[in-house]
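Please keep the sequence and the model in view while reading.

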Amino acid sequence: MENNANKENKNQLQIQLKPEVADGKYSNLAMIGHGPNEFLIDFIFAAPGMPQAPVVSRIIMTPENAKQLMYALTDNVQKYEANFGEIKQKRAAQGPKFSNN
């Protein structure tokens with residue numbers, strides 16, 4: 001019979017971070033769309049004075065996973081603000097940096 005520690009080790013997900021992904025992508029705009037079976041999030045880099053803004057990454061997830069992401073982001077923003085202070089929003093006149101369609 002296996003002990004609980006061995007069972008937990010077998011159930012742990014081994015996350016792999018490939019070098020080409022490890023540097024990440026900078027995004028200052030996101031567009032979110034959804035259908036009945038998935039949410040689609042496009043992360044975009046909009047440079048000042050540039051007429052075009054490239055999508056740097058597209059993430060597609062189930063509605064359930066999108067809701068889990070929402071909760072995880074809320075939790076992490078709360079933890080961030082507890083450590084570093086409130087995140088100040090820019091003036092509304094500049095328009096939304098993250099939006100949905």
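Leu40 has Ile60 as its bridge partner in β3. Strand β3 covers residues 55-61 and runs antiparallel to β2, with six bridges joining them. Strands count as paired when DSSP finds at least two bridges between them. Strands here are DSSP runs of E with at least two residues, helices are runs of H or I with at least four residues, and numbering starts at the N terminus.

The model is predicted: local features need pLDDT of at least 70, side-chain atom pairs need pLDDT 80 or more, and totals for chains, interfaces and linings use all residues. Residues are numbered from 1 along each chain as its sequence is written, and side-chain values use heavy atoms, with hydrogens and water left out.

**Strands**

Strand β2 (residues 39-44) also pairs with β1 (residues 29-34). That pairing is antiparallel too, over six bridges. Ala30 has Phe43 as its bridge partner in β2. A hairpin of four residues joins β1 to β2.

**Asp42**

Asp42 sits in strand β2. Is Asp42 buried or exposed? Asp42 is buried, because its relative accessible area is 10%. The cut-offs are under 20% for buried, over 50% for exposed and the range in between for partly exposed, using a 1.4 Å probe and protein chains only. Leaving aside neighbours within four places in sequence, Asp42 is in contact with Leu29, Ala30, Met31, Val55, Ser57 and Arg58. Contact means heavy atoms within 4.5 Å.

The side chains of Asp42 and Arg58 make a polar contact at 2.6 Å. Such a contact is a pair of N or O atoms within 3.5 Å; within protein, one atom must be able to donate a hydrogen and the other to accept it, and residues adjacent in sequence count only if both atoms are side-chain atoms.

**Salt bridges**

How many salt bridges does a search of the whole structure find? The search finds three. The criterion is a side-chain nitrogen of Lys or Arg within 4 Å of a carboxyl oxygen of Asp or Glu. Side chains of opposite charge can pair when their charged atoms come close.

| Salt bridge | N to O distance |
|---|---|
| Asp42 – Arg58 | 2.6 Å |
| Asp75 – Lys79 | 3.0 Å |
| Glu86 – Lys88 | 3.9 Å |

Asp42 forms a salt bridge with Arg58. Asp75 and Lys79 are four residues apart in helix α3, so about one helical turn separates them. Asp75 is partly exposed at 32% relative accessibility. Lys79 is partly exposed as well, at 48%. Glu86 and Lys88 are both exposed.

**Helix α3**

Helix α3 spans residues 63-84, which is 22 residues. From first C-alpha to last, α3 reaches 31 Å, close to the expected 32 Å. The expected span is 1.5 Å times one less than the number of residues. Gly85 follows α3 and has a positive phi, near 95°.

**Whole protein**

The protein has three helices and four strands. From the N terminus on, the order is α-α-β-β-β-α-β. Buried residues make up 10% of the 101 residues. Of the contacts with a separation of 6 or more, 32% are between residues 24 or more positions apart.
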